[in-house]
Amino acid sequence: MAVATTSDKVKWGLLDAVVVVFALIPVLWIASLSFKTPATLTDGNFIPREWTFENYKLIFQTDQFVRALINSIGIALISTLIAVVLGTMAAYAISRLDFPGKQLLVGVSLLIAMFPQVSLVSPLFNIERNTGLFDTWAGLILPYITFALPLAIYTLSAFFKQIPWDLEKAAKMDGATQGEAFRKVIAPLAAPGVFTTAILVFIFCWNDFLFAISLTSTERSRTVPVALSFFTGASQFEDPTGAISAAAVVITIPIILFVLFFQKRIVAGLTSGAVKG
Amino acid sequence: MAITDRHPQRRTLRARALAAGAAITLLAPLAACGSDEGGVPVLNLYQFPVENMQNVIDTCNQEAAGRYKIVYQVLPRQADDQRVQMVRRLAAKDDSMDILGMDVTWTQEFASASWIKEWTGDDRAEIEKGTLPGPMASGEYNGKLYAAPNNTNVQLLWYRKDLVPTPPKTWAEMIQMSQQLKAEGKTYQVLTMGAQYEGLVVLFNSLVASSGGHVVSDDGKTAVMDQGSVEALNTLKTFATAGVTSPSFSNAIEDDVRLAFQTGGGAFQLNWPYVYASMQGDAPDLAKNVAWARYPGIDAGTPSVTTIGGSNLAVSAYSKHPDLAFEAAKCLRGPESQKYLAINAGQPPSIESVYDDPEMAKAYPMKDTLLEELKNAAPRPRTPAYQNLSTVVAAELSPPAGIDPSRTAESLKKSIQAAIDSKGVLP
Amino acid sequence: MSVSSTTPATSAAADAEQQAIPKQRGRRKRVELSEGKRQERKLGWLLCAPAAIVMVAVTAYPILYSFWLSLQRYDLKFPDEREFVWFSNYVTVLTNNYWWTAFGVTMLITVVSVVVELVLGMGLAIIMHRTLVGRGLVRTSALIPYGIVTVVAAFSWRYAWTPGTGYLANLLAPDGAPLTERASALGIIILAEIWKTTPFMALLLMAGLALVPDDLLKAASMDGATWWQRFTKVMLPVMKPAILVALLFRTLDALRVFDNIYVLTNGANETSSVSMIAYNNLIKGLNLGIGSTMSVLIFLTVAIIAFVFVKLFGTAAPGSDEGKR
């Protein structure tokens, strides 16, 4: 195993810096907007000349935003969990088992991902009003799972496909049941795929606006992107840019935590050495 | 070697049970949306977010003394988003909406689709008494009243009195003054909204009305691009190509213009009165040098006619308690409420007497100019297909520097007719 | 032999063995095969059922309803004029200039942004995967652009590119407003798209990189392969399925670009995308017939492109049978 030299580290460190800068400069711009006073909002300076925490205080003044945060966290977590579980099951079947209707399922799930969601919202609204799902957590969770499943299935299939068959066979030769073979051998190797999917699904559910605004109406189920659209400025035409920027910064924090936690599990080398000789 | 294979199914069943269990627990709390609680009818007010609106609602609830309770269901800040939410529910005949806060341009559309109820008899008389004629017109459809004017709005000319001693009376004069300032190397720009959106249609409408022209016939069924409207196109093009606009003119909306003027970017601003309060707060030094005047006209001899903005209150056709809703709406847009919101939320009132109230003087020092304009203001073209019309007009007039008056007039006439007839494709 | 409790995998192994068995045991072999196969099918259906049920239950009616609406002339404002017109809506849309201009703009944005994102995404994936220092920091910060609410990011770009209010506008053209010219506006929109969704590609590609066995790479480098050879001959083939997923879904999303254009230019100067004009017709114009027609057309375009991709990638697609046995 080659020892990492200092020059290697410096090289990677520089590349890291480039990535971080390009990724974060616009984000820092949003953050700086959130700290600017209304008078200096558009002075074009990257670093605020006058700092204020007023915007942050403002968004937490009522419990409306906090309620929306709770809804978002709950709905996104549940949707992600269910979508990943259902997606894993389906992806395993699609990539490793043989049964009729497999191609159909793959095709149909892609079809669902492709249809413009703007046309689906009104019929969904009608269905949910008629079944009493309107303005509930389930009313959002079901569409979120539905539209996240195609990506989940495709991603997870790609991963299951890459895991060598011999591993499963070898495990069973060693006396493991199908379930144990899955849990102890396959699942760890599929972990990068599972956590990647989890991150992507979570972000999708977290940031969705179209379904959230159409299928909710009170703070019982209203999520954060919708709450952002309700912020008032001092008058009808004045955009509460400071408050919106502050809220945007706040709602990015759960995503940062989620990603930070899960990205550790997306590591290489899990398949190396697994297939003996 | 026979190996029993129970695990995948068990795992499957477990997972499915988990999902089902989660679904059931989530479905359980299915309280209805704002339903009648303990016998007191609940009236849902669907309106865009307004600062301090809850205080007005609380006052009206107190006056109701238990006969009904108004609940504020907030809609998104953008007018388009509000309309989407409302239309979706109205098309589904949703009975959970009672009072609707509507933009002035939606009355025709909603009334023609029978989504809102007509104001008749005493209710109508009460609304008409004391309300300015401009806003009144925005609530009518086919001669009947469908929406009660709530707040209103007209644009004014704001100018830097340290740069411009006397305000211009016409567009030509304003352009000439600006060019003069430019030649002298001083701040010179004329700032107003020119992006491809409703604001551009408002600008165009003001120019057409000031020229005495028409865009659609009185019955709202035919596109009419007469001499007045061609003159308006001419004025708009001259303005856009005279070198007096900001480089971002063709992408500017209300707030861009306000911010640009506040930071000292221009000598003239054509914008709604909300800029006054924000100027006082954000740039008090600059505000000392800013004065206002009537919106410029086309002809030196004819006073300008500006476009009415604002919002009205209507009663949903599917409301469960229409009588109570009318009563509640009357309170919500009554003189007391209008005065409160005028001072605390920046919404100019539509009832004339409110302007005379002494408390208004501080927040609305420009009220005389406002009233002058409101008495002679024009609504936007009145047709149920107004949204279509607005979309095609904004697209055709954008960017304003690219207008060719006679050709654009022809093209507009065709597009507007198609929009009114709901034929063809919107841009 | 207890046939009923064999697992699909062991029946696969059993299959392989039994293929060597001479044909005298043909009938029993066929019975065992179908028994094992039936088990496999049952398991396959069971595992897929929940996902399939959820997806179909939620979207079957709305999608079919959209198709049905596209065959009618139906304006919500004039409900009495509703009538069945078969395919005349399609003719109206497909012969309309606005539609084709928007189509061209959408294609341009899609092609440019996807190509750039694939290259940048691959580079970013390699950095995120192999960096020796600050791995958590790089991965997390690289994903933040994707995690920010699109509309807020779009607004921040709008401010940044407006002269006088932002820090970028004056970089390129001191006097001009980049958002008001078609070419530069399109460039800004594409840039905003790239910034926002490169992390999506990078994440999928990085996870794909995680599957490349280290020993293969080491063996290759010991055999004297250069970095580029290792990349193209070892890493890329293993990553093919992941690349397909990333490309496919990113392209599907790019074809439906809306938020960035809506905030930056609102479609001015012919920068509308097909999603924007579908929105204008369906939601603003309340023309359910034309709006649904546009949705169906967008769907068909996307379906054709997806079909091409899947065919190109062949065996890397999910559900194909390569490498199973």
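## The four-stranded sheet of chain B

In this predicted model, four strands of chain B make an open sheet with mixed pairing, in the order β8-β9-β7-β10. Strands here are DSSP runs of E with at least two residues, helices are runs of H or I with at least four residues, and both are numbered from the N terminus. Two strands pair if DSSP finds at least two bridges between them. The edges are held by β8 (190-191) and β10 (290-293) of chain B, each with a single partner strand, so one side of each has no neighbour in the sheet.

Within this sheet, strand β7 (residues 156-160) of chain B and strand β9 (residues 268-271) of chain B run antiparallel and are joined by four bridges. Tyr159(B) has Phe268(B) of β9(B) opposite it. Strands of a sheet pair through backbone hydrogen bonds, in either the parallel or the antiparallel sense.

## The five-stranded sheet of chain B

Another open sheet of chain B has five strands in the order β2-β1-β3-β11-β6, and its pairing is mixed. Its edge strands, β2 (69-74) and β6 (148-153) of chain B, each pair on one side only. On average, neighbouring strands of this sheet are turned by 20 degrees against each other, with direction ignored. Axes are lines fitted to C-alpha atoms, for helices over the stretch in contact, and angles between N-to-C directions run from 0 to 180 degrees.

Strand β3(B) runs parallel to β1(B), and two bridges join them. Ile99(B) in β3(B) is the bridge partner of Leu45(B). β3(B) also pairs with β11(B), in the antiparallel sense and over five bridges. Here Ser311(B) in β11(B) is the bridge partner of Asp103(B). Four of the five residues of β3(B) are buried, and the strand is mostly covered. A residue is buried if 20 or more other C-beta atoms lie within 10 Å of its own, exposed if 12 or fewer do, and partly exposed in between, with C-beta atoms placed from the backbone.

Strand β11 (residues 309-315) of chain B pairs with β6(B) as well, antiparallel and over five bridges. In this pair, Ala148(B) is opposite Leu313(B) of β11(B). Helix α13 (residues 322-332) of chain B lies across β1 (42-47), β2, β3 (99-103), β6 and β11 of chain B, and runs at about 150 degrees to β11(B).

## Domains of chain B

Chain B is assigned two domains: domain 1 (42-153 + 309-374) and domain 2 (156-307 + 385-420). These bounds come from an automatic or database domain assignment. The C-alpha centres of domain 1 and domain 2 of chain B are 27 Å apart.

Twelve residues of domain 1 of chain B and 15 residues of domain 2 of chain B take part in the contact between them. Two residues are in contact if their C-beta atoms, placed from the backbone, lie within 7 Å. On the side of domain 1 of chain B that touches domain 2 of chain B, the elements giving two or more residues are α4 (107-112) and α17 (367-374) of chain B. The largest share of that side, four residues, comes from α17(B). By class, the side of domain 1 of chain B that touches domain 2 of chain B has three nonpolar, six polar and three charged residues. Ala, Val, Leu, Ile, Met, Phe, Trp, Tyr, Cys and Pro count as nonpolar, Asp, Glu, Lys and Arg as charged, and the others, Gly among them, as polar.

## Chain B as a whole

Chain B has 19 helices and eleven strands. Its C-alpha atoms fill a box of roughly 95 × 70 × 50 Å along the principal axes. Of the 427 residues in chain B, 53% are buried. Among contacts in chain B with a separation of 6 or more, 73% are between residues 24 or more positions apart.

The secondary structure of chain A consists of eleven helices and zero strands. Along the principal axes, the C-alpha atoms of chain A fill a box of roughly 70 × 65 × 30 Å. Buried residues account for 57% of the 277 residues of chain A. Among contacts in chain A between residues at least 6 apart in sequence, 76% join residues at least 24 apart.

The contact between the two chains takes 93 residues from chain A and 92 residues from chain C. Helix α2 (residues 26-69) of chain C gives the largest share of the side of chain C that touches chain A, 19 residues. That side of chain C has 62 nonpolar, 23 polar and seven charged residues.

## Numbering and basis

Residues are numbered from 1 along each chain as its sequence is written, while chains are lettered from A and ligands numbered from 1 in the order in which they are written. In this predicted model, local features need pLDDT of at least 70 and side-chain atom pairs count only at pLDDT 80 or more, whereas totals for chains, interfaces and linings use all residues.
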